[in-house]
Every structure is written in structure tokens, then in C-alpha cells.
Amino acid sequence: MENLIRFGGKFFDELEIAVYRSRDVSASVELNEISMASSRSGAVTVIRGIKDKRLGLAVIDSDEPERIREAIEQAAKMAKLNSPDENWVSLPEPEEYRRKVKPNYELKDVSPDALVEKLVRGIKLAREKDENLIVAGGEGGVGWEESRILNSHGIDISQEGGAAFFFLEFVGRKKGIVTPGIFDFDARRNLNLDVEGVVERAVQKVRWAYNVEKSRNEEVPVILGPWAIAGLLSYALFPAFSGERLIKGTTPLADRTGERIASEVLTIYDDPFHPLAIEPIIADGEGVPTRKNVLIEKGIFKSFVWDNYWGRIHGTGSTGNGKRDTGSGGVNIGFHSMVIEKGNRTLEDVVGEIKRGYLVDGFQGAHSSNPDNGNFAVTANPAFLIEDGEVKGASVFLIAGNIYDILKEASEVTREQTVMPFMTTMITPHVKFENVRIAGK
Amino acid sequence: MEALERALRWAEENLKVDYIELRYEDLRKTTLGLKDGVFTSFTGKLNRGIAIRVLANGAWGFSSTSDLANLEKKIEEAYKLAKAAATTKRERIELAEVKPVEDFVKSRMKVRPEETDIDEKVNHLRELERLLKEDEAVKSVQVRYEDGGGRKLLLTNEGMRIEWDYNYLYQGVYVTGKANGKLAMARDSIGAVDYGWELMTDHEPNEKVTERLLRKMHSQLKGIAPRRGEFPIVAGPIVVGIIAHEALGHLAEADLTINSPFKDLIGKRIAPEYVTMSERHVEGGFGNDRYDDEGVPVRDIRIIENGVLKGIMLNREYAHRWNMEPNGHARAESYRYPPIIRMRNTVFEPGDHSLEELIEDIKFGYYVVDFRGGQAQLNSAFQVGVQEGYVIRNGEIAEPIRDTSITGVAIEALKKISAVGNDFGLEVGFCGKGQTAFVSSGGPHMKFEGGILIG
């Protein structure tokens with residue numbers, strides 16, 4: 001690979017080669033049965049080269065040296081055609097990494113049989129618990145990735161690791177009621193996926209959903225579950241932490257470092273080394289050491305996050321938040337494992353104290369939120385009405401507002417944290433918010 | 001092709017398969033990402049690989065790889081995966097019969113993207129940014145452009161041999177504007193598989209895209225928060241399209257129909273007689289094709305015909321299960337994915353009324369023109385963010401509204417359609433269902449007397 005860096009020296013002032021080799025195995029469910037078992041293997045190499053401040057990128061589905069040479073030439077052609085970027089400073093320099101987390105090699109060559117067994121067990125268990133329920137969908141999978149990132153300044157970092165995930169989607173039909181699709185899931189760095197827990201939690205939600213309760217226009221406490229939290233924050237809040245947006249003036253958090261932007265029960269940080277993180281990487285997509293970056297500490301906004309490009313323009317340097325987009329080859333500011341710090345009491349305790357309120361499992365339309373100002377308008381579905389400390393049934397309602405207003409109303413976080421492997425990977429408890437204005441249906 | 005034929009013959013002779021399908025792709029792509037004057041991606045891509053799908057013992061196995069050596073071994077892997085999936089299967093998967101096709105699908109583009117000089121592409125994007133930034137309120141512009149072209153092949157043990165001269169192009173633009181301390185964002189997308197670079201020069205020139213984006217952005221900057229609640233709503237073609245796609249179209253995908261309210265409604269009236277919704281070829285449609293990824297010819301379907309729920313989208317597996325004819329809706333994002341049932345171009349058909357007629361007798365209501373993200377549940381409950389909308393007061397379009405969304409249950413809202421416009425509009429985009437597909441959606445203006453909540 002060093003030869004290829006030397007070869008690229010003919011064309012570029014600076015060059016980076018990132019190679020990703022992956023193997024995924026999965027099995028999926030449709031209508032109470034395994035529908036397909038799949039495997040996917042392959043390699044992707046991304047070339048990023050700079051000549052006279054002109055950027056050129058190339059992406060190929062291969063890790064063969066011959067084809068990487070071809071890609072270097074292709075990137076050189078692209079750089080020649082590009083115009084110079086006067087803001088360009090340089091690719092990252094080598095820095096000290098922390099010790100790698102030992103990967104779980106059990107995940108490298110998982111047989112699909114192991115996943116089929118878990119799914120079949122989940123389907124059987126669910127149908128035993130509730131005969132009116134259909135396992136509409138689901139999937140169990142294991143992904144393994146090996147990457148190597150090197151550049152002409154001497155960065156050369158190899159990483160490997162894998163994660164397993166499991167989810168089921170249930171639809172209940174009883175007495176003319178068809179419940180919305182109800183999901184639950186588990187993701188971790190080993191194969192001990194919590195099949196029983198997933199089924200138990202999802203079946204409970206289906207049971208609640210058989211009873212439909214009308215919602216009304218009111219101001220009430222609302223507990224957001226992990227899926228709802230991850231959806232809303234990924235679109236309405238997290239983009240605002242991007243240093244690029246600070247420079248461009250498109251974040252409402254500009255000039256607010258050190259200010260209170262949320263209630264003191266909320267501490268949010270990006271931490272790839274959290275014990276529950278599913279991808280404990282020590283280097284980001286451009287080889288910069290990753291670290292724990294605190295974004296909100298007890299409600300106070302602490303800092304923005306940066307990749308190499310924007311960090312150098314700003315003068316602070318990268319915070320290890322460069323995420324490679326293997327589609328375009330470019331690097332964008334992103335997060336590894338967003339964590340909301342947990343609290344002391346269980347969800348049950350928190351629900352138990354609510355006279356009238358709601359528990360929201362998921363939001364529809366979170367992706368239409370506006371990160372430029374934090375405004376959002378979402379439908380809570382699945383959502384459940386709580387009365388006198390107990391869940392009474394399913395409800396659907398609208399919440400429209402501003403994320404910074406609602407963050408100030410957070411009053412408690414629960415003790416249990418869940419890994420949400422979708423959208424931005426999040427590790428989050430349930431969060432209770434007071435005085436949420438909802439529009440009932 | 002020869003290596004694929006050889007591997008297919010080997011599999012037929014050595015494995016006990018019901019069906020085997022090989023899909024090969026060799027595509028060359030260009031991605032340009034322009035963010036406020038800087039090209040953050042300027043990328044040439046070479047995507048080459050193969051998808052192998054095997055039906056054995058009544059179950060599917062799928063394997064995909066970018067490593068083209070040892071194809072026989074990869075086929076055997078897919079075969080083993082099928083056998084693993086089959087161990088628990090009670091009902092064997094069978095496929096509806098289709099006539100094997102041998103064909104070459106020519107591109108209908110006038111100027112293939114690869115024939116356009118990259119300088120011209122760069123200049124085009126820069127000009128678009130310049131035009132947008134002539135407006136002082138515009139603070140940030142982000143453009144993503146991608147085109148691709150090359151060869152796709154489909155071979156099956158039943159004798160399908162289809163080759164596509166496959167090409168596409170796409171442009172997505174995000175604009176952030178600021179005025180009087182308010183920030184607002186607007187988005188726009190264009191794309192085609194049948195138009196080449198002429199899409200950018202003739203059909204959707206920069207001036208037209210700029211005009212649309214600035215209108216959307218300013219409507220939000222000047223917009224007021226709407227009153228929450230249920231009011232008469234006139235929806236424009238793009239919003240009508242997203243309701244057709246998200247809230248109704250997905251329910252008519254056979255793999256989802258089975259868990260949706262549509263299951264018990266086929267053949268029944270679900271809307272007034274003047275409402276018809278189709279899944280069909282549309283001039284300029286992003287989902288157009290001659291065959292699907294199982295080699296089945298793509299046919300037009302009436303999902304709702306004169307108010308009655310009629311047709312659903314099928315692949316060969318579900319066509320057999322429902323005892324119907326497959327209609328060309330098995331689509332795969334790339335060689336990395338197996339084909340699944342997808343929409344193509346989902347549209348409401350035009351009616352008789354002018355926009356003025358739809359609006360004239362509304363004392364107070366809303367006109368929703370464009371959306372920012374939409375989502376629906378299998379019970380047809382939908383939520384659509386509105387990026388351009390206006391108040392209707394005393395029969396006239398009045399002030400704009402901002403940061404809002406509409407929500408409802410589509411099969412209830414359908415019954416509240418009181419008039420259908422005589423115009424037609426289309427928007428292109430991507431649909432995500434575990435994998436991405438190029439789609440279009442649209443229709444005429446439509447009036448809802450209720451059934452949609454704004455807030």
C-alpha cells in the first residue's frame with residue numbers, strides 16, 4: 001500500500017487511500033417466516049488527492065492494487081478538472097492513538113444458521129405470547145469491517161471489528177383494530193442478542209396498542225423512548241453541533257458556548273468508547289484519533305465538533321469527527337456514538353408518577369425537522385396514553401415546536417440505556433419532558 | 001457475459017436449484033458536491049459487481065460480491081444460504097411463470113451524461129449557486145450532482161438474457177436563507193433516466209430551479225405559524241404526489257399490502273368516483289424502465305380506479321402467492337441488494353377543475369405546495385413536512401406559512417377529496433425501503449374538505 005502512496009506522489013501534493021473490506025451476513029423475516037438469508041462481501045477503496053489545492057476523489061469497488069492505481073489516476077484526472085479551493089490547508093498529520101479495543105472475532109465468520117435460529121425463536125415466542133400478532137418483518141445480521149487509512153503525511157491506521165443486530169416488527173389485529181407496526185431491537189458487539197427482551201418489549205407495546213385512546217389538545221408530560229429521541233435529535237438538534245455550520249452561520253448555537261440550552265438533567269456527548277458503543281473506533285474516517293466530545297453538560301452547551309477540513313480552517317483542529325461517505329468519497333462532520341447520560345430511576349417509576357401524559361415510542365416525520373432553527377412538527381406514532389401511573393392504550397398526536405424549548409423542559413432521564421443503531425448511532429435512556437403542548441386527533 | 005453463462009451452466013449441473021438469477025453491473029459514475037463555492041466531492045466512481053439469487057428447497061439465498069473471481073463458489077454460497085433459510089420454512093416460495101425475454105434496452109437519452117464535458121457540469125453547478133446567491137437572503141447553498149452509466153445484465157436459468165444501456169442523472173439542492181433573524185431551509189430535486197444532459201439545459205434549466213428554490217425559501221422566511229387543526233386543504237401536485245407515494249403507494253406494494261388495511265379493501269370503494277391513482281409510465285418519470293430486475297415487462301397499473309381499490313404492485317413471488325400476473329415492480333438498488341417490490345411513478349390522475357375553482361369557495365383554509373420529508377405507517381397514517389404553503393382566505397391565496405406539517409390517515413382523507421384539478425405535476429426523488437430506488441410522484445391539485453390536520 002505504501003507503494004501506491006508513492007505512485008500517487010507523481011500526481012498529487014497530498015494523497016490519502018482508505019480501504020474498506022466488509023462482510024455482512026443476515027437473515028430476514030416476512031410474515032412469520034424466514035424470507036431470505038443473505039451475504040454481502042466486497043471491498044471499497046477511496047482515493048482523496050490534492051494537487052495545487054485542487055481536490056480529486058475516486059471510489060472503486062475493489063482493493064486490488066492494479067485497480068487502486070487506476071483509481072489514483074482517475075482521482076488525478078478529477079483534480080485537474082476541479083478548481084482550487086483556497087481554504088484548503090492540508091490532510092491530517094499523524095497523532096497518537098489510544099489502545100484499540102479487542103475485536104470479537106466470533107463475529108468475523110458467523111454462519112447464517114445462528115441468525116436463523118434467533119429469528120425463529122423470536123417468531124415462535126411472540127406467537128405464543130399473542131396469537132393475534134403477526135411478525136410482519138424483522139432481521140438479524142452481523143457486519144464485519146476491516147479498514148486501513150493511510151496518507152502521504154505518514155498516517156497509517158488499520159482497524160477491524162464487527163457488530164450484531166436483531167429487530168422484529170409486529171402488527172396486531174384484534175376486534176377490528178390493526179395496530180401500527182411496532183418495533184423493538186437489540187445491537188451489540190457479540191452474538192448474545194437479547195431475543196427474549198426484544199419480544200417481551202414489543203409484545204407489551206402491541207398489547208397496549210389494541211386499546212385505542214383518543215388524544216386531545218393539551219399540555220402534558222411526555223416521555224420519549226429511545227427510537228423517538230434518536231429520530232428527533234438526529235434531525236432537529238445534532239446537525240447544529242457541526243463546526244461547518246458555525247463557520248457558515250447556519251447553526252442557532254453560534255455564540256452560545258457556555259450558555260444553558262437545555263435542562264440540567266441532560267448531558268449529551270459523542271463517545272465511541274462507551275461500553276455499549278457498537279463501533280469502538282480509535283481513528284475517524286481520515287485517520288484522526290477519536291475522543292469523547294462533550295456537547296451538552298448538565299444543560300450547558302460545551303462545544304462544536306470538527307473534521308480535518310473545517311477544524312483547520314477554524315484553527316481548532318479536528319475533534320476526530322470526520323465521517324467518510326463511501327458513496328461520494330468525501331468526508332463530512334458526523335458522530336460516532338451519541339450518548340445521553342442515564343439517570344437513577346426506572347421507566348416504570350417515572351411512568352408510575354404521571355397522572356396524565358404520554359409515552360412516545362416513535363415519531364413520524366422527524367426528518368422534516370429544520371436544524372437551522374430547531375423547529376419541528378412530528379406525529380407521535382406509536383404513542384401511548386398514561387393515566388394514573390399506568391399505560392392505558394395507543395394514541396396518535398402531533399407535536400410542533402422548537403427543540404431548544406423542549407430541551408429546557410426535560411425533567412428526568414431513566415436508568416436504562418438502549419443502543420439505537422439507526423440514523424446517528426445513539427445510546428439513550430427514556431427522557432421525560434414537562435408541559436409539552438400536543439395536538440390531539 | 002461468457003463467464004456468467006459458464007457459471008450459470010455449472011450451477012444448473014451441480015446444484016439442486018429451483019431458480020437462479022445473476023445480475024451483473026459495471027457502472028461509471030460522477031459525483032459532484034458543491035458547498036458554498038467549494039467542491040467537497042469531485043469524484044469518479046467505478047462500481048462493478050454481481051448479485052446472485054438462488055431459490056432452493058423453496059427458500060431464497062442471496063449473495064453479492066465485488067470480487068468476480070470464483071463465481072461458482074459465490075453461487076454455491078447463495079445456494080447454502082437458501083438451504084439455511086429453508087430449514088424452517090412451512091410454505092415453499094414459488095414464482096409466477098413468465099416468458100423468458102432476450103432483449104437489449106437502449107437508452108432514450110439524447111445526450112448521455114458521459115458525453116457532456118465535466119467542465120460544463122462544473123460550470124452549470126457554479127452558475128446555479130451564483131444565481132441563488134444573487135438573492136441577499138441566501139446564506140448557504142449545497143448542491144449534489146450525480147450521474148452514472150454503463151451496463152447491467154440479467155441472466156437466469158429460465159433463459160432471461162437482458163442487457164441494459166443504463167444511464168441516469170440527479171441533482172439535489174439545499175438552500176439556507178436568513179432574514180430578520182429568521183433562518184429557513186428549502187430543497188429541490190431533479191433527475192431522470194430517460195432525459196440526459198438535456199434535463200439541465202431544456203427541461204429544468206438553472207433559472208427555473210432557482211426561481212422555485214427562492215420562492216420556497218422566502219415563503220418560509222415570511223411565513224407565519226398556521227392555526228392548528230382541521231381545515232379545508234388544497235394540495236398541489238407535489239404534496240398530492242407524496243401522499244400518493246407514502247400513504248397509499250406503500251400499502252399497494254404486495255409485500256406490505258398483506259399487513260395493511262388495503263388487504264381487505266381490494267375491489268371496494270375507498271374514494272369518490274372522480275379519484276383515480278396509478279402506478280405507471282410518465283414522461284420524464286424517474287422510475288421508468290422497460291423490464292424490472294426479474295426481467296418482467298413493466299406494466300401500468302390502476303391502484304385506485306374511479307374510487308375503487310383495484311391493483312397492487314407485484315414481483316414474481318407475490319404474484320404467485322396472490323394468483324395474479326407479475327407487473328414489473330421487483331427492483332434492486334444495485335448488485336449489492338436483492339430485488340424487492342418497489343414503486344416507480346405513483347400519481348393521481350387529473351380531473352376537471354381549475355385551481356381557481358378549487359379555491360374560490362374556501363373561506364379559511366390552507367394551500368400546501370411543497371414538502372420536506374414525508375413518512376407513513378402501514379395503517380396509512382401519514383406525516384408530511386411542508387416547505388411551502390399559504391393561507392387561503394375568502395377564496396384567495398394569502399400569506400405564507402412556515403415550519404409546519406400536515407398529518408392524517410390517508411384512507412380516511414381519500415373520502416374527503418371534494419374536487420380534482422385538471423393540471424398535472426411531477427417530482428422526482430428517492431424512496432428508502434431498506435434500499436434506495438429512483439421514484440417519481442405527482443398528480444393534479446386536489447381539494448380535501450377535511451381529513452388532514454395542519455399544525
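**Before starting**

The model is predicted: local features need pLDDT of at least 70, side-chain atom pairs count only at pLDDT 80 or more, and totals for chains, interfaces and linings use all residues. Residues are numbered from 1 along each chain as its sequence is written, while chains are lettered from A and ligands numbered from 1 in the order in which they are written.

**Stop 1: the two domains of chain A**

Select residues 2-209 of chain A for domain 1 and residues 218-440 for domain 2; these bounds come from an automatic or database domain assignment. The C-alpha centres of the two domains of chain A are 22 Å apart. Across the boundary, 36 residues of domain 1 of chain A are in contact with 27 residues of domain 2 of chain A, contact being defined as C-beta atoms, placed from the backbone, within 7 Å.

Next, colour the elements of domain 1 of chain A that face domain 2 of chain A. At least two residues each come from β1 (14-30), β2 (33-51), β3 (54-60), β4 (133-151), β5 (156-174), β7 (182-188) and α4 (195-209) of chain A. Helices (H or I, at least four residues) and strands (E, at least two) are DSSP runs numbered from the N terminus. The largest share of this side, 5 residues, belongs to β5(A). By class, this side of domain 1 of chain A has 22 nonpolar, 5 polar and 9 charged residues. Here Ala, Val, Leu, Ile, Met, Phe, Trp, Tyr, Cys and Pro count as nonpolar, Asp, Glu, Lys and Arg as charged, and the others, Gly among them, as polar.

**Stop 2: a sheet in chain A**

Display the strands β11-β10-β9-β14-β21-β20 of chain A, given here in their order in an open sheet of 6 strands with mixed pairing. Strands pair if DSSP finds at least two bridges between them. At the edges stand β11 (300-301) and β20 (418-420) of chain A, each with a single partner strand, so one side of each has no neighbour in the sheet.

Inside this sheet, select β9 (residues 268-270) and β14 (residues 338-340) of chain A, which run antiparallel and are joined by 3 bridges. Y269(A) has V339(A) of β14(A) as its bridge partner.

**Stop 3: strand β2 of chain A**

Return to β2(A), where 14 of the 19 residues are buried, so the strand is largely enclosed by the rest of the structure. A residue is buried if 20 or more other C-beta atoms lie within 10 Å of its own, exposed if 12 or fewer, and partly exposed in between, with C-beta atoms placed from the backbone.

Which strands pair with β2(A) in the antiparallel sense? One is β1(A), over 17 bridges, with E14(A) opposite I50(A). In the hairpin of β1(A) and β2(A), 2 residues lie between the strands, and L31(A) in the turn has a positive phi of about 45°. Another is β3(A), over 7 bridges, with R48(A) opposite L57(A). The hairpin of β2(A) and β3(A) also has 2 residues between its strands, and D52(A) in that turn has a positive phi of about 50°.

Now show chain B: β2(A) and β3(B) run parallel and are joined by 6 bridges. Select S38(A) opposite F62(B), then R40(A) opposite S64(B).

**Stop 4: where the chains meet**

Select the contact between the chains, which takes 62 residues from chain A and 62 residues from chain B. β2(A) gives the largest share of the chain A side, 11 residues. That side of chain A divides into 27 nonpolar, 25 polar and 10 charged residues.

Finally, select A85(B), which, leaving aside neighbours within four places in sequence, is in contact with residues including A27(A), I34(A), M36(A) and W60(B).

**Stop 5: the two domains of chain B**

The domain assignment of chain B gives domain 1 (2-221) and domain 2 (229-454). Their centres, taken over C-alpha atoms, are separated by 23 Å. The contact takes 36 residues from domain 1 of chain B and 28 residues from domain 2 of chain B.

Definitions and conventions. Contact = placed C-beta atoms within 7 Å.
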